[in-house]
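Please take a walk through this structure, one part at a time. The sequence and the model come first.

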Amino acid sequence: MSDGGNIKGLSVLDRPNSYIGKTVPRPNLDRLMQGRGQYVTDIVLPRMAHVVFLRSPHARAKILAIDSATAKAMPGVIAVVTGRELAEVITPWVGVLTHLKGLKSAPQHAIAIDRVCWQGEAMAAIVASSRALAEDAAEQVIVDYEELTPVVDMRTALDPGTPVIHESLGDNLAFERNLDAGAVDDAFEKSDEVIEAEFVFGRHTGVTLEPRAILADWNAGESRLTVYQGTQAPHMMQNIIAKHLDLQESQIRVLCKDVGGSFGIKVHVYADDMATCALSKLLRRPIKFVADRVESFTTDIHARDHICKGKIGVNKDGTIKAFAIDDLTGIGPYSMYPRTSAIEANQVVNLVGGPYTTANYRARARVVFQNKNVTCQYRAVGHPIACSVTEGLVDLAAQRIGMDPVEIRRLNLIRDDAYPCASASGMKFEALSHHAALDKLLAMMNYDRLRAEQAALRERGIYRGIGLASFIEVTNPAAAFYGVGGARISSQDGVTIRLDATGSVICQTSITEQGQGSESLTAQIVGSVLGVSMDKVRVILGDTDNTPYGGGTWASRGAGIGGEAALQAAKVLRDNILKVAAAILQSTPGDLDIVDGKVVDAVGGAERIELNELARIVYFRPDTLPPGFQSELMATRHFVPRDYPFAFTNGIQASWLEVDVNTGFITLLDHWVVEDCGTIINPQLVDEQIRGGVVQGLGAALYEHCIYDERGQLTNANMADYLVPMAGEMPDIQVGHCVSPTMETELGAKGAGEAGTAGAAACVANAVNDALSPFAVTITEIPLTPKLVLTALKRF
Amino acid sequence: MTQPMPVSFTVNGERVDALVLPRLNLADFLRDQLGLTGTHVGCEHGVCGACTIRVDGDIVRSCLILAVQAHGADVQTIEGLSDSGDVADLQNAFRNRNALQCGFCTPGMLMAAQDLLAQQVSPTRDEIREHLSGNYCRCTGYHAIVDAVETTAKARAERRA
């Protein structure tokens, strides 16, 4: 080892007193538990006004006139602003990326001008001294509409008789991708069995407990906009707000303090948020917008809403010969900005069949416009669809040839010693562990005993099922995700670390915290590499004025990318500290080490000087250091993956559940996950990411559904009618791990944030079909509502 | 009834006298007029449980009662329970088990959990899940929360024994 006197054989990760791989409590949880966090909804500024948006009751209509005279005269009202008026200070945007060839969308305004394209689109902003007064006034704004026939059903969106939502685009097709790998026709022809099924995925949404919230404060005296926002990507927001408000980035500071849940919902650019920034500039005062729950349902991005036809070819010996899919998704009237709404379908094409060896794969994905709320990237983008289609087809194939679901996976999963390799769709895999994960899962769940129990219960008319789902997960994305397509979204992250005069460590990172543990993992890495205790490390995140430029926290990238930057920055600072120590002690850096906040002899460990004493000399008595010696107790490093576009992880999940064939109710009894995210920095945090992700996937599997009627009205936009998983229905979730570190970084960590969501719905659906196998019933639609189950059983 | 009305009650042991509009709910009053922002507003229709507080010893959804209805009541919020040490062991268990991620549900979750533990010395995991089933958490998947509440119940039972 060459790095500054480490004991030979020890990496920076397993130095004495390392926090890597240890469960330690996250710093600063007391603040949240005592109700002393600072969410955007909590922040109040002098002269702050509140904005409420008047929203379209129609899915598609022309706006003929807006009469706000009465509203403007209401108590507390400061302004009523229409889209056309706001367009004076903000430009529209188009959500396309050049690497998604052919993707098209129409210009979207912060507030609609002349026409509305979904129920919930804002038509006017009402600014008042309180939210209640703004809501009162909003009721008095009179709008004349000409209602138009909405495009609701994605299946008919491309039909010649269907209205075109954006005339300038020519049709309702936003994006199409075709992929043909291997010899698909030949493979199907030579398959002993070919099985087809249509998989249907309901629209659902993120339901963050804290709604979207933003407080924009234009200070006309400073010509600066300070934006407090619950966002996952502060620098992206800074860039985009600057671009559309005609400002320099340096005129904008985005501050992100505590965030009440994100999951991808808070990584996008919402028209409401942009309008709030523009209103602050227009009205020269702080303006706050907090979505209420109805607005959250009608304007937070939705996700999924796919119909995917799948086909699998299999031989009687269990060899999978080919996969083919034809995916259709409806994304609402606009491709979301700036990440676009074509990414999910693109991911489906990338990921189907990914765990398996077959090289024969054909895919078509079509992304169509419709007059519903927009869809975009939500936790595990595309993964649940790809996983449910793949694993559903694999189970159907196994059933057809009379093979156990475990055996068909054993036969076809990519071997653990086959890496590096690529999937049929061209995804590059560095090192995965499908077989080790499968073996571990079977042991954890005691598969054979469970099968025996299932058989015994079936005799008594109790229908339980076991479902498996292997999956791969995209993490640590490099520029391949967005940057290459022209989006100004950093794929690089940076960390700055400094040693202060009293020996405490200040660490600024460009990744953000929404509860995943970004602060903890950063402090754990920095503490471990520097050789100081974690409580000496203060981590600063979520502030574009005070952190290095970077991407933020999304796509399971915080630990793998931000963590590596932290590791590298800490190594530099450590070397710099040892140079100072060597100067003070008349030693050489290579002979010294830092342990527990003290510089010690690398051999023998004798204590030489405490860091606070070293820092005191550096800052207050530099005159005592050798002539010409300049200390540098602050170091910055950045990191972005270059070898692999994504660091794929893998895993497998299993569900054990019971279906009541008389009521259609599904009771989840047990759930197991084995996943491989490489180096585990904090086992507890990883496990909790998995569990939380699983439960979001279970919500999609069983309950969550944005139900639109034929007029494009969202009929269940409240938490009483839109069901989310609650404690009473959820099972305990057992989590195990395999560890295949990425060699691209010294840290070796890959992401873990989306693995749970990726496979949960697939294994539940497989378990339900397993439970219902005596009835020769197969359901390939989620959410698996009691009605759906009873309908399949012809009992409804 | 659109004129402000006088109300008097105690919040975390301090007397509060205020003029409030009849339509103002208690959650908004606590947050906006008293600055007690630990009481969170998640759905404003009584489903999510983020605004759970204690009124005269019972847990209630503060978004579903009006400030004027609190007249004469004894109100406890998460700030009060934290400062009195009432839930200190529960908070410790939440910290050690990472039973919170974003923390937005946590004040309400602690309120509901403490309410259960006041009624039942040794709740089963199913009973814990049932009692917390009115409090929505999007982050954790609940398993860790159930663990933390169970751990606290056991520790309290041991202390009593």
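**Hairpins in chain A**

In β23(A), Val599(A) is the bridge partner of Ile594(A). Strands here are DSSP runs of E with at least two residues, helices are runs of H or I with at least four residues, and both are numbered from the N terminus. This is a predicted model: local features need pLDDT of at least 70, side-chain atom pairs count only at pLDDT 80 or more, and totals for chains, interfaces and linings use all residues. Residues are numbered from 1 along each chain as its sequence is written, while chains are lettered from A and ligands numbered from 1 in the order in which they are written.

Strand β22 (residues 592–595) of chain A runs antiparallel to β23 (residues 598–601) of chain A, and four bridges join them. Two strands pair if DSSP finds at least two bridges between them. β22(A) and β23(A) form a hairpin with two residues between them. In its turn, Asp596(A) has a positive phi of about 55°.

A further hairpin follows. β23(A) pairs with strand β24 (residues 607–610) of chain A in the antiparallel sense, over three bridges. Lys598(A) has Glu610(A) in β24(A) as its bridge partner. Five residues lie between β23(A) and β24(A) in this hairpin. Gly604(A) in the turn has a positive phi of about 100°.

Now turn to the open sheet of chain A. It has seven strands in the order β3-β5-β1-β12-β9-β10-β11, with mixed pairing. β3 (77–82) and β11 (252–255) of chain A stand at the edges; each has a single partner strand, so one side of each is left without a neighbour in the sheet. From one strand to the next, the twist averages 20°. Angles run from 0 to 180 degrees between N-to-C directions, and axes are lines fitted to C-alpha atoms, for helices over the stretch in contact.

Within this sheet, β1 (residues 49–55) and β12 (residues 286–290) of chain A run parallel, joined by two bridges. His50(A) stands opposite Lys288(A) in β12(A). Helix α4 (residues 131–138) of chain A packs on the sheet, touching β1, β3 and β5 (122–128) of chain A. The direction of α4 makes about 30° with that of β1(A). Contact means that two C-beta atoms, placed from the backbone, lie within 7 Å.

Next comes a helix pair. Helix α14 (residues 518–530) and helix α15 (residues 558–585) of chain A pack at an angle of about 30°, with axes 9 Å apart. Ala, Val, Leu, Ile, Met, Phe, Trp, Tyr, Cys and Pro count as nonpolar, Asp, Glu, Lys and Arg as charged, and the others, Gly among them, as polar.

Chain B has six helices and five strands. Its pattern along the sequence is β-β-α-β-β-β-α-α-α-α-α. The C-alpha atoms of chain B fill a box of roughly 50 × 30 × 20 Å, taken along the principal axes.

Finally, look where the chains meet. 42 residues of chain A are in contact with 42 residues of chain B. α17(A) gives the most to the side of chain A that touches chain B, with seven residues. The residues of that side divide into 18 nonpolar, 14 polar and ten charged.
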